[in-house]
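Subject: Model for you, with notes

Hello,

Here is the structure I promised. My notes follow below it.

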Amino acid sequence: MSGALSEQIVKGDRFVVAVDGPAGAGKGAVCRAVASRFAFSYLDTGSIYRAVALLSLQKNIESDQELGELAASMPFEFRQVEGVGFRGFLAGEDVSDALREEQVGRKASHVAAVPQVRAALLTFQRHYGGDKNIILDGRDTGTVVWPDADLKVFLTASLEERAKRRALELQGKGETVSFQKIRDMIARRDARDAGRTHAPLAAAADAQHVDTTRLTLDQSIDCVAKMVDKMVGNKPR
Ligand code: C5P
């Protein structure tokens, strides 16, 4: 891919929905449901940062330059697995469960602050899905990756509520968890994501804000789906 092409945002006629927000706000579940309701392609951008983190832990890579090279060359792809949904593969191996591990999430938040990593993954994100309509979620998808997205949503929930959801999720997997510890970990991650110099977590000026603190998952999905429905209906063909 040439440098010029890799820096260009290839939007064309595709409909792009960018959903940003802090960890635990419900972005992933909402985006997957909306993607399948509208037959859009879906990109969980956190997974690609997690994939770099996983590889760096496995290979003991620390320097910014090497992390950037890792991000630019990692053989990562999403595949839809029949009856299971989207799974992440590294060099052909399904690493979806490893990507969700707590230490990988923590490391992801560190590697995501490295400019060389962000530059490499920007190219990946801009070209993902070809010319298909797409919904993507992350921290900077409406501000940096797709500043000209058709719809930008900023999904939030209170820290208490996000920690509660994460605790329930871990308990569901049979893991013993301290609520306080999870709450502190999420707060630290929020601060790191919002405080970094490169592409910090921030709502785009033209994003629509959705606070899911008092919404069920179904209500959150319906809320975003209604926005998409309205925008798709209004878009000139
Ligand atoms: O969303 P998730 O928790 O999987 O993201 C893991 C980490 O990757 C985040 O804490 C954040 O630091 C980073 N990230 C990012 N930009 C994105 C998506 C994720 O910096 N678009």
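**Ligand site**

An oxygen atom of the ligand is 2.8 Å from a side-chain N or O atom of Arg-118. That pair is a polar contact, meaning N or O atoms within 3.5 Å; within protein, one must be able to donate a hydrogen and the other to accept it, and residues adjacent in sequence count only if both atoms are side-chain atoms. Arg-196 also places a side-chain N or O atom 2.8 Å from an oxygen atom of the ligand. For Asp-140, a polar side-chain atom lies 3.1 Å from a nitrogen atom of the ligand. On its own the ligand exposes 450 Å², and the protein buries 96% of that (Shrake-Rupley areas, 1.4 Å probe; for residues, only the protein chains shown count as cover).

Before going on, the ground rules. This is a predicted model: local features need pLDDT of at least 70, side-chain atom pairs count only at pLDDT 80 or more, and totals for chains, interfaces and linings use all residues. Residues are numbered from 1 along each chain as its sequence is written, and side-chain values use heavy atoms, with hydrogens and water left out.

The ligand sits in the largest pocket. A pocket here is an open set of points on a 1 Å grid over the protein atoms alone, where a 1.4 Å probe fits, with protein on both sides within 12 Å along at least five of seven lines. Helix 3 (45-59), helix 6 and helix 10 (179-195) each give two or more residues to the shell around the ligand. Helix 3 supplies the largest share, four residues. Helices are DSSP runs of H or I with at least four residues, strands are E runs of at least two, and both are numbered from the N terminus.

How many residues surround the ligand? There are 15, and the closest are Arg-50, Arg-118, Arg-189, Asp-193 and Arg-196 (a heavy atom within 4 Å counts as near).

**Helix 6 and its cover**

Lys-107 is in helix 6, residues 102-111. Is Lys-107 buried or exposed? Lys-107 is buried, at 16% relative accessible area (buried is under 20%, exposed over 50%, partly exposed in between; 1.4 Å probe, protein chains only). Leaving out residues up to four places away in sequence, Lys-107 touches Ala-53, Ser-56, Leu-57 and Glu-62 (contact: heavy atoms within 4.5 Å). Val-104, Gly-105, Ala-108, Ser-109 and Val-111 are among the other buried residues of helix 6. Their cover includes helix 3, helix 4, helix 5, helix 7 (115-127) and helix 10.

Leu-67 belongs to helix 4, residues 64-73. Leu-67 is buried at 4%. Beyond four places in sequence, its contacts include Val-52, Ser-56, Val-111 and Val-114.

Ser-96 is in helix 5, residues 96-99. At 11% relative accessibility, Ser-96 is buried. Its side chain makes a polar contact of 2.7 Å with the side chain of Asp-94. Ser-96 also touches Arg-87 and Gly-88.

**Two backbone points**

Most residues other than glycine have a negative phi. Ala-39 has a positive phi of about 55°. Ala-39 is in the loop between helix 2 (27-38) and strand 2 (41-44), and is exposed at 57%. Ala-91 has a positive phi too, near 50°. Ala-91 is in the loop between strand 4 (85-90) and strand 5 (93-94). Ala-91 is exposed, at 64%.

Best wishes

Note on methods. 1 Å grid on protein atoms, 1.4 Å probe; cavity = no way out; pocket = protein on both sides within 12 Å on 5 of 7 lines; lining within 4 Å. Sits in = over half its atoms within 2 Å of the grid points.
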